[in-house]
Amino acid sequence: MQSNEAPVSMEVEAVPSEPSSASAALPPKPIFEPLKAHEMSDGRVQFRKVSVPPHRYSPLKKVWMDIYTPVYEQMKIDIRMNLKGRKVELKTRADTPDVSNLQKCSDFVQAFMLGFDVIDAIALLRMDELYVESFEIKDVKTLRGEHLSRAIGRLSGKGGKTKFAIENATKTRIVIADTKIHILGSFANIKVARDSLCSLILGSPAGKVYSKLRAVTARLAERF
């Protein structure tokens with residue numbers, strides 16, 4: 001038996017949802033000003049000291065203003081020479097814009113003490129991806145007497161030609177101080193320059209090192 005009644009549709013009344021009283025009672029989000037450099041360390045002054053070796057004392061006096069001006073005026077770091085302790089002292093100021101400036105200035109002064117020119121070392125203040133790497137000839141191979149002298153001669157070349165060729169090809173700066181070698185540059189470029197110098201120390205002729213250097217720098221140029 002079929003019923004003739006039409007199906008009854010159920011209507012559900014939508015009740016508007018009221019915002020919860022908890023979320024309505026939250027205070028507005030606070031807005032804080034960025035901390036200044038001296039406030040990050042609770043107002044404490046940070047120091048760095050860089051020792052001055054005896055053979056760099058006279059060159060430091062000649063170019064003192066070239067070092068002082070960018071550190072004090074541009075990086076906003078106090079710098080002074082402690083004549084009694086023979087150290088260059090650096091400290092932050094209330095208007096130092098960034099706490100990392102202190103370490104950059106310390107690296108800059110340290111690079112000059114290692115033997116780099118001010119013009120080259122000042123790049124440490126301008127760029128972030130620069131480093132100084134140091135190693136000794138005996139770290140690569142133990143050499144004594146005439147063998148050590150010839151290895152140093154191979155590194156420099158006649159009139160410094162080999163050293164300049166490696167510097168220009170790898171965009172680095174190299175200081176050869178007796179048996180110590182210091183390289184200033186980016187991480188990848190330092191590796192290429194170090195490999196070339198190690199090959200020279202191990203006895204490779206300069207011509208072979210040049211050809212290998214050209215191939216490596218060409219690959220680096222394609223990559224970047």
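This is a predicted model: local features need pLDDT of at least 70, side-chain atom pairs count only at pLDDT 80 or more; totals for chains, interfaces and linings use all residues.

Residues are numbered from 1 along each chain as its sequence is written, and side-chain values use heavy atoms, with hydrogens and water left out.

The protein chain has twelve helices and six strands; helices (H or I, at least four residues) and strands (E, at least two) are DSSP runs, numbered from the N terminus. Of its 224 residues, 31% are buried, that is, under 20% relative accessible area with a 1.4 Å probe and protein chains only, while exposed means over 50% and partly exposed lies in between. Contacts are heavy atoms within 4.5 Å; among those between residues at least 6 apart in sequence, 58% join residues at least 24 apart.

Thirteen is the number to keep in mind for the largest pocket: of the 13 residues that line it, Lys-191, Val-192, Asp-195, Val-216 and Arg-219 are the closest to its centre. Both α11 (187-201) and α12 (206-223) supply at least two lining residues, and α12 gives the most, with seven. A pocket here is an open set of points on a 1 Å grid over the protein atoms alone, where a 1.4 Å probe fits, with protein on both sides within 12 Å along at least five of seven lines; lining residues have an atom within 4 Å of a point.

Two residues other than glycine have positive phi values. Lys-76, with phi of about 60°, is in the loop between α4 (64-74) and β2 (77-82) and is partly exposed at 30% relative accessible area. Asp-178, with phi near 60°, is in the loop between β5 (173-177) and β6 (180-185) and counts as exposed at 60%.
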